[in-house]
Each structure stands twice: as C-alpha cells, then as structure tokens.
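Me: I am new to this structure and would like to go through it step by step. Could you keep the answers plain?

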Amino acid sequence: MKSKTKRSKRKLGLPAVLLLCFLFFLAGFYASTLFSQDVPIIRPRLRMLEVAEEQEIDGMPHGATGESSVESIPFQVLSWKPRAVYFPNFATPEQCKSIIEMAKSHLKPSALALRKGETKESTKGTRTSSGTFISASEDASGILDFVEQKIARATMIPRSHGEAFNILRYEIGQKYDSHYDAFNPTEYGPQTSQRMASFLLYLSDVEEGGETMFPYENDSQISYDYKKCIGLKVKPRQGDGILFYSLFPNGTIDETSLHGSCPVIKGEKWVATKWIRDQVQMD
C-alpha cells in the first residue's frame, strides 16, 4: 500500500500580513515617483479650447461671392422670444467716436411713423431723441462700410436689404416708448417691404438709464403701460451690438419683438440703428 504523505500547511500570522502590505506599498510608491518624472502634466480639457483658438483653420473652397478666410464673431443669445442676440465689442471705440462726429452736425428731432388716426400732436413725447440718416456710400472714411459688411456677416442677410444707418442721440430724460419696428398693415396700410430685423450698435456708454428693453420677453406680459421701462433690459456699452428679429420665418410679426429705449438718467446715449428689410433697398 502506498503511504499518504501529509503536507504541513503553515498560515501567516496577522503581523506578517501587515508587514508584507507595508513593503508592497513602499515599493509601489517608490516606483511611481521614478516613473512620474518623465510623464508630462495633464492639464484640464478646457485648455484644449485655448489651443484650438490659436490654430489657423483652413477654409473650404468657396463660390464667386464667398470669402477666402474663416472668421469668428462672438455672440450671446439673450432671448429666444424675441430672437435677440448680443455681440460684444462689435466695433472699436475709435470707430464709434468717428460715427458720432460725422452725425453731430446733421441731427434733427427724430420722426415717428404714424398709425391710422394718429397725429404728430397725439404722439408727442413718444420719441424724443434726435438723429440723422447716413448711408455707407456717404462715408468717405469707410467705417460705415466696414460695419455694414460685418452686420451682413452676423445676420447672413445681404447688405442690399439694409436701410441707411439711423444715428441717434438720447440726452437726459429722452426715450422711445415701446414700439414695433415692423409695420402692421392693419395699422399702417399695405407694405411693399417689411422690416424683418434690427441691428443696434451702441456708440457710447451710458452712465445710468438708456437701456434697450423688451417688455414682452418670453410672453411675460399681458398688458402694461407702454411708457414703463420693464422686461428684458440691455445696458448700452460702447462698441457692443444687439440684433433682434421683428418677423418670424413665415413673415408674420413677432409680438414679443416689442421694444423701446428707457429714459437716459445720467450721461448721453448714442446708437447707430440698421433696419433690415425683406426686400432689396435702394441706397
């Protein structure tokens, strides 16, 4: 008969287990220190955005009327009801000051389009600013031409659809009550073309007041006093611009595009308005 050999089983005690764990820990720590000297530091993924901005992006082949380079115009969506977009630093301070200077000597009391049944007397005090119209073709410096081209890129609406710039000045206490830039045919009669969008370029800072306000933003109002400064309010800052659309894509008037200019409390407000229509305009 074959005899069975018994193997002795030796168990490690708790102190020995703890000692082995400690030794493994030291070995791993020492090895990681050695290897980490050659490993580059991993930065947050946000840094990748900064690198991307520094790189040149090759443009696509373009058509005869296209442009050869890729451009970026920073913007922020302020509201979807109405569709309102903010463009920081759209123009330089020097450009803004030049536009003010070319308009100063031509200012007249701002006119108001009258609805059926309205008169100058009945609408007195609705719009108290002064202003003048200047087209890009009248500006020998080329500044308005540059701004107009940039507006066309930002809106993707050809320059030929824009009216001349309406340069406006609001002094202390002056304002423009809430109104629509589009003309409702039931109130103003048949329209051969319609104002579909407006671009406002702020030419100056305003110390207090002078905000552009949208009282119906997000359908938040049912009825209110048109002279009150309420709702979404955009503070003027020199060089900044805002774009908002008066019409829906189907051509109907967006009721939330109702807007106005709050009274200037301190300082002076200068703004260049570019009204954009759905039909080509004669310069």
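Me: To begin, in which loop is S204 found?

Reply: S204 is found in the loop between β7 and β8 (208-209). Strands here are DSSP runs of E with at least two residues, helices are runs of H or I with at least four, and both are numbered from the N terminus. This is a predicted model, in which local features need pLDDT of at least 70, side-chain atom pairs count only at pLDDT 80 or more, and totals for chains, interfaces and linings use all residues. Residues are numbered from 1 along each chain as its sequence is written, and side-chain values use heavy atoms, with hydrogens and water left out.

Me: Is S204 buried or exposed, and why?

Reply: S204 counts as buried because its relative accessibility is 10%. Buried means under 20% relative accessible area, exposed means over 50%, and partly exposed lies in between, with a 1.4 Å probe and protein chains only.

Me: Which residues is S204 in contact with, leaving aside its neighbours within four places in sequence?

Reply: They are P236, R237, Q238, E268, K269 and W270. Contact means heavy atoms within 4.5 Å.

Me: Which backbone atoms lie at 3.2 Å and 2.9 Å from a polar atom of its side chain?

Reply: The backbone oxygen of E268 is at 3.2 Å from a polar atom of the S204 side chain, and the backbone nitrogen of W270 is at 2.9 Å from such an atom. A polar contact is a pair of N or O atoms within 3.5 Å; within protein, one must be able to donate a hydrogen and the other to accept it, and residues adjacent in sequence count only if both atoms are side-chain atoms.

Me: Next, the core. Which residues of the largest nonpolar core touch the most other members?

Reply: F90, I167, L201 and L203 do, in a core of 28 residues. At least two residues each come from β2 (83-87), α3 (93-104), α4 (143-155), β5 (165-170), β7 (195-202), β11 (241-245) and β14 (269-277). A nonpolar core is a set of buried Ala, Val, Leu, Ile, Met, Phe, Trp, Tyr and Cys residues joined through side-chain atoms within 4.5 Å. A second, separate core has 14 residues, including L168, L200, F244 and V264.

Me: And what does L203 touch?

Reply: Not counting residues up to four places away in sequence, L203 touches C96, I99, I100, I167, Q238, W270, V271 and A272.

Me: Changing topic, in what order do the strands of the open sheet run?

Reply: The eight strands follow the order β1-β2-β11-β7-β14-β5-β4-β3, with antiparallel pairing. β1 (76-80) and β3 (108-109) are the edge strands, each pairing on one side only. Two strands pair if DSSP finds at least two bridges between them.

Me: How many bridges link β1 to β2?

Reply: Four bridges, in the antiparallel sense. W80 has R83 in β2 as its bridge partner, and a hairpin of two residues joins the strands. P82 is placed in the loop between β1 and β2, and the peptide bond from K81 to P82 is cis, with omega near 5°.

Me: What about the pairing of β3 with β4?

Reply: β3 pairs with β4 (residues 130-134) over two bridges, in the antiparallel sense. K108 stands opposite G131 in β4.

Me: How many cavities of 30 Å³ or more are there?

Reply: There are two. A cavity is a set of points on a 1 Å grid over the protein atoms alone where a 1.4 Å probe fits but cannot get out, and lining residues have an atom within 4 Å of a point. Grid points are joined across faces, edges and corners, and a volume is the space filled by probe spheres set on the points. The largest cavity holds about 170 Å³.

Me: Which residues lie nearest the centre of the largest cavity?

Reply: Of its 15 lining residues, L168, Y170, Y176, L200 and T273 lie nearest the centre. The largest share of the lining, four residues, comes from β14.

Me: Lastly, where is M156, and what is its phi?

Reply: M156 lies in the loop between α4 and β5. Its phi is near 60°, a positive value in a residue other than glycine. M156 is exposed because its relative accessible area is 72%.

Conventions:
1 Å grid on protein atoms, 1.4 Å probe; cavity = no way out; pocket = protein on both sides within 12 Å on 5 of 7 lines; lining within 4 Å.
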